[in-house]
Amino acid sequence: MDLAGAHVLDVGCGNGYFGWRMLQAGARRVVGIDATPLFHMQHQAINHYAGDHRNAVLPIRFEQLPERLTEARFDAAFSMGVLYHQRNPGEHLRRLCRSLKTGGQVIVETLIVESAAPLRPAGRYARMRNVFEIPTPNSLLNAMAAAGFEEARVIDIAATTHAEQRSTPWMRFESLAEALNPDDARRTVEGHPAPRRCVAAARNLN
């Protein structure tokens, strides 16, 4: 995706790290959304020294933001690791679509299951709370089309690896290793398929 001169919406941005990378890639401005207070504080600390207010992080949930502030305002939108935490994933996708200008592009990154139907865990998934629905690749593309996107396509599907998610001296909490069945790494500790992630892209052509 070409971000040169783009106004970018980054939903679930964490501390805004990728916002800085988007500016490096040529974006004009990045508006990040993340309700986690710690991430907002980290962003404020970094920006105190960076002094570049083109990368903003709003400490609010996407659905709490008045839609008049985002409608048709952005050239690109990102939703990374957010969709499966949504009680209403279809509405999340519709809001993303409505936030884009005509011709604007979206990148959606989410857990997926390669099965006949989406997974709706009764409890936790890979020890994560608030995982409401994990789509299949086809159901993801269908949901994006139903939300108003066109040219929806899968860019990549890959298994989550220990190199990507692991404990480090900076992150000492349990990670992927503790979330997988020790006797069968193809399953989570709850018995679900092990995490696989999908990246999909689409456009708002309305």
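Leaving aside its neighbours within four places in sequence, which residues is T188 in contact with?

A: This is a predicted model, in which local features need pLDDT of at least 70 and side-chain atom pairs count only at pLDDT 80 or more, while totals for chains, interfaces and linings use all residues. Residues are numbered from 1 along each chain as its sequence is written, and side-chain values use heavy atoms, with hydrogens and water left out.

With neighbours within four places in sequence set aside, T188 is in contact with Y125, A126, A179, L180, N181, P193, A194 and P195, where contact means heavy atoms within 4.5 Å. T188 lies in strand β8, which spans residues 184–188; strands (E, at least two residues) and helices (H or I, at least four residues) are DSSP runs, numbered from the N terminus. T188 counts as buried because its relative accessibility is 0%; buried means under 20% relative accessible area, exposed over 50%, and partly exposed in between (1.4 Å probe, protein chains only). The side chain of T188 also forms a polar contact of 2.8 Å with the side chain of E190. A polar contact is a pair of N or O atoms within 3.5 Å; within protein, one must be able to donate a hydrogen and the other to accept it, and residues adjacent in sequence count only if both atoms are side-chain atoms.

Burial also describes helix α1 (residues 17–24), whose buried residues are G19, W20, M22 and L23. Seen down the axis of α1, these residues fall within an arc of 160°, so they line one face of the helix; the arc is that of the directions from the helix axis to the C-beta atoms. F18 and Q24, on the other side of α1, are exposed. The buried residues of α1 pack against β1 (7–11), β2, α2, β3 and β4 (74–80). After α1 comes G26, with a positive phi near 110°.

Two of these packing partners, β2 (residues 29–33) and β3 (residues 55–58), run parallel and are joined by four bridges; strands pair if DSSP finds at least two bridges between them. Between β2 and β3 the chain passes through helix α2 (residues 37–50), in a right-handed β-α-β crossover. Right-handed means that, with the strands pointing away from the viewer, the path from the first strand over the helix to the second runs clockwise.

Turning to the cysteines, a disulfide is a pair of cysteine sulfur atoms within 2.5 Å, and the count by this rule is zero. C198 is buried, at 0% relative accessibility. Its closest cysteine sulfur, in C97, is 18 Å away, too far for a bond.
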